[in-house]
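Biologist: I am new to reading protein models. Please show me how to go about it.

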Amino acid sequence: MVSLEGPEARVPVRVAAGRSAATLGLPGVSQLPDGVGVLVRFEDRAAPYAPETLGAPVDAVFVGGSLVVLDVLAAEPCDGDCPALDPGTPYVAVLLLSRGWLADNGFVEPLRVVLPDAT
């Protein structure tokens, strides 16, 4: 579960674990349900996020070390040829949400994210 502070919301997430999960993206997912996400965690990443597959249009929410949202970048479905998403600054997580869900629910920057404890 990830908590967003802006208006406040709790978002159930699937946590991508391991090196390969961090680049896999969303294979086999043709639609990401509203209010549900996929969380990809990193130690401290400066390289662009380059998923291999996105089966659904998403907003990629880049989270910085202070848990402030650094940027939200839109991504189109792709398979094997996904463009890299670059927030232009180091980040510790990417939260993939259904395209437009943040805006449709009144979330505007600046946002804070409360991440689940790493296990």
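**Reading the fold**

Modeller: The protein chain has two helices and 11 strands. Helices (H or I, at least four residues) and strands (E, at least two) are DSSP runs, numbered from the N terminus. This is a predicted model: local features need pLDDT of at least 70, side-chain atom pairs count only at pLDDT 80 or more, and totals for chains, interfaces and linings use all residues. Residues are numbered from 1 along each chain as its sequence is written, and side-chain values use heavy atoms, with hydrogens and water left out.

Biologist: What is the order of the strands in the open sheet of five?

Modeller: Start with pairing: two strands pair if DSSP finds at least two bridges between them. Here the order is β3-β5-β10-β7-β8, with mixed pairing. β3 (13–16) and β8 (69–75) each have a single partner strand, so one side of each lacks a neighbour in the sheet.

Biologist: How many bridges join β7 to β10?

Modeller: Six, and the two strands run antiparallel. Val-63, for instance, has Ala-93 in β10 as its bridge partner.

Biologist: Which residues form a disulfide?

Modeller: A disulfide is a covalent bond between the sulfur atoms of two cysteines. The cut-off used is sulfur atoms within 2.5 Å. Cys-78 and Cys-82 form one, with their sulfur atoms 1.9 Å apart. The torsion about their S-S bond is about 100 degrees, so this disulfide is right-handed.

Biologist: Are Cys-78 and Cys-82 buried or exposed?

Modeller: Buried means under 20% relative accessible area, exposed over 50%, partly exposed in between (1.4 Å probe, protein chains only). Both Cys-78 and Cys-82 are buried. Of the 119 residues in the protein chain, 45% count as buried.
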